[in-house]
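Here is a short report on one protein chain. Keep the sequence and the 3D view open as you read.

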Amino acid sequence: MAAPGSSSCSVQSCHRLLLVAFVALCSASSSSHGDRSPLSVVSRIAFGSCSNQSAPQVFVWLGDNIYGDNKRPFRVLGKERTIGPWKNVPRFFPSTEQEMRRRYQLAKSNPGYSKLRQTAQLLQVIGTWDDHDYGLNDAGKEFSGKNTSQRLLLDFLDEADDSPRRQQAGVYTSYLYGPKGKQVKVILLDTRYHRDPLSSDGTILGDSQWEWLEKELNGPESEITIIVSSIQVISNLSATTGPLFHTESWGRFPKERERLYKLIHDSKRSGIFFISGDVHFGEITRYDCGWQYPLYDITSSGLTQAIEKVVPPFFAFAVRAIAWLTPTTMRVSSVKCRYKSCTYAQPNFGAIQIDWDVVPQKIKVEVRGINGDPAIAVDILLSDLQPRNTNTLEGAWQHRRHCSLEIDLPWFWRHSFAFTFLALVSVLIIAFVLFAYTIVSVSKKFLRKFKID
C-alpha cells in the first residue's frame with residue numbers, strides 16, 4: 001500500500017530490535033512449552049511481530065515481510081517524471097530475483113530472528129504476502145514475477161519441498177491447532193495472485209481460491225477460526241479519505257466482500273474473526289450486520305513502516321488528530337485505547353490471548369507497541385461469536401452501531417476529511433500570503449524612509 005522505507009537496512013534494524021526484545025521475553029517466560037504437537041492447546045498467537053507477556057505459540061506474517069520492490073523519488077521534471085500530468089515512468093518498479101532473495105536472506109539471518117526460531121521451541125511461523133513482498137506496490141494478477149515471488153516467500157517460510165503451496169497458483173493455505181473442544185483454525189488468504197485491478201469491483205481471490213475457501217469454512221468445526229487477510233476486510237477508509245488518498249481493502253471490491261460475508265453466513269461456522277495489515281497503523285474494527293454475530297478485524301501494521309515513524313515527531317499530534325477526525329463507522333472505540341482515535345500509528349504488533357479455562361471463555365485481542373504495552377485492546381466473549389436465529393435478530397442488527405458502511409455516510413460527512421484538509425491548506429496559503437504581503441509592505445516603508453534620510 002505505502003512506499004518502502006528509505007533502505008532495507010532500516011527495516012532490518014527495526015526487525016532486529018523487535019525480535020531481540022521478544023527473544024529476551026521468551027527466555028524469561030515459562031519454558032514448559034511441550035512439544036510441537038498440533039494437539040497442544042494454543043492460547044497465544046502473535047501477528048505482524050512478536051508477543052510480550054509470554055511466548056506465542058503461533059506467529060503470523062501478514063505480508064510486506066520484506067520490501068522487495070523499489071521506488072523512484074518524486075519528480076515533476078527531468079527524464080524520469082513520477083508525478084504530475086507529465087508522468088512518464090511508474091514510481092515503483094520490481095527488484096531482480098537475486099535482489100529479492102538477498103533481502104529475504106537478510107531478514108532470515110538477522111540475529112533476533114535466528115535466535116527467535118531456536119529459542120521458542122513450540123513456535124510455528126506461518127504467513128502470507130502483501131504487495132511489496134509479492135514484488136510490486138499495489139500489484140495484482142497482472143504482475144509477471146508472481147511465480148518467482150511465490151517460490152521465494154515459501155523458501156523464507158521454510159515450506160517443505162513437497163508442500164501443496166508450491167504446486168498451486170497462490171500462497172493460500174490453512175492450519176488447525178489444538179485438541180477437540182479447544183481447536184483454532186487459521187486460514188491464510190492470498191489477496192494478490194488472482195486479484196483484478198483496483199476499483200474494477202472484480203475478484204480478489206479468484207475462482208480456485210473461492211472454491212477452496214468454501215470447503216475450508218464448511219469443513220469440520222473449530223471453536224475459533226482466524227481468517228488472515230493482508231488487506232483490511234471490514235474498514236474502507238478510502239470511502240472517507242478519497243479523493244486525497246486511497247488504501248487497498250476489501251471495501252474497494254464490494255461484491256467480493258459481500259460474497260465473503262455470505263459465505264461465512266451460509267457456513268454457519270462459529271468463532272470467526274479477521275486479522276489484517278497493510279495500512280501502517282493499528283486499529284480494531286467491527287461489522288454487526290454481516291452475519292448472525294459481530295465480525296471483528298484486528299489490524300496490525302506495521303513492524304517498521306508505521307505512519308508516525310516516517311513523519312517528523314512534532315507532526316505526531318496532527319496524525320492522531322486527523323485519525324480522530326476522519327469519519328469511520330467500523331472502528332471500535334474503547335476506554336482501553338491509548339489515544340482518543342483508537343488507532344496506533346507507531347510500530348506495533350498484534351496479540352491474541354485465548355483464555356480457555358474461564359467461564360465464559362474469552363479472547364483478548366490487542367495492538368501493542370514495541371515495548372509490549374497495549375495501545376488498543378478489546379475483550380471478546382467466545383459465546384458472542386456463535387450463530388443465532390437470524391429471524392429474531394434481523395431487525396435488531398439494524399440498530400447496532402457498526403452497521404452503516406463508510407460508503408453510505410452522508411456525502412458531506414463522508415468527504416469531511418478532504419474538506420478539512422483543503423481548508424487547512426487554504427488557511428496556510430492565506431497566512432503565507434498575508435505574511436509575505438506584510439514583509440513587502442514593511443520593506444517598502446523602510447526603503448522609503450531610508451531614501452528620505
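## Arginine 151 and its partner

Arginine 151 is partly exposed, because its relative accessibility is 34%. This value comes from a predicted model. Arginine 151 forms a salt bridge with glutamate 97. The closest N and O atoms of the two are 3.1 Å apart. Arginine 151 sits in helix α5 (residues 146-156), and glutamate 97 sits in helix α2 (residues 97-109). The pair links distant parts of the chain, 54 residues apart.

Is glutamate 97 buried or exposed, or in between? With a relative accessible area of 29%, glutamate 97 is partly exposed.

## A buried pair

Side chains of opposite charge can pair when their charged atoms come close. Aspartate 130 and arginine 192 form a salt bridge, with 2.9 Å between the closest N and O atoms. Aspartate 130 lies in the loop between β5 (124-127) and α4 (131-134). Arginine 192 lies in the loop between β7 (184-188) and α6 (206-217). The two positions are 62 residues apart in sequence, so the pair ties together separate parts of the chain. Both aspartate 130 and arginine 192 are buried.

## A pair between two strands

Lysine 364 and aspartate 379 meet through their side chains in another salt bridge, at 3.1 Å from N to O. Lysine 364 belongs to strand β13 (residues 362-369). Aspartate 379 belongs to strand β14 (residues 374-381). Lysine 364 is partly exposed, with a relative accessible area of 25%. Aspartate 379 is also partly exposed, at 33% relative accessibility.

How many salt bridges does a search of the whole structure find? The search finds 21.

## The six-stranded sheet

Strands of a sheet pair through backbone hydrogen bonds, either parallel or antiparallel. Here, six strands form an open sheet with mixed pairing. Their order is β5-β2-β1-β12-β13-β14. Which are the edge strands? They are β5 and β14, and each pairs on one side only. On average, neighbouring strands of this sheet are turned by 20° against each other, direction ignored.

Look at one end of the sheet. Strand β2 (residues 58-61) runs parallel to β5, and four bridges join the two. Phenylalanine 59 stands opposite valine 125 in β5.

## Two loop residues

Asparagine 236 is placed in the loop between β8 (224-228) and α7 (238-241). Why does asparagine 236 count as buried? Its relative accessibility is 6%, and buried means under 20%. Leaving out residues up to four places away in sequence, asparagine 236 touches Ser249, Gly251, Arg252, Arg257 and Glu406.

Arginine 388 lies in the loop between β14 and α11 (390-397). Arginine 388 is partly exposed, with a relative accessible area of 35%. Arginine 388 and lysine 268 are 120 residues apart in sequence. In space, their C-alpha atoms are 9.2 Å apart.

## The annotated span

An unreviewed UniProt entry lists residues 417-440 as "transmembrane region". In the model, the span of residues 417-440 is 100% helix and 0% strand. The end C-alpha atoms of this span lie 34 Å apart.

How values were computed. Residues numbered from 1 in each chain as written. Predicted model: local features only at pLDDT ≥ 70, side-chain atom pairs only at ≥ 80, totals over all residues. Heavy atoms only, no water. Salt bridge = Lys/Arg side-chain N within 4 Å of Asp/Glu carboxyl O. Buried < 20%, exposed > 50% of the residue type's maximum accessible area, 1.4 Å probe, protein only. Contact = heavy atoms within 4.5 Å. UniProt positions renumbered as here; feature names shortened; annotations may be inferred. Pairing = 2+ DSSP bridges. Axes fitted to C-alpha atoms, helices over the stretch in contact; angles between N-to-C directions.
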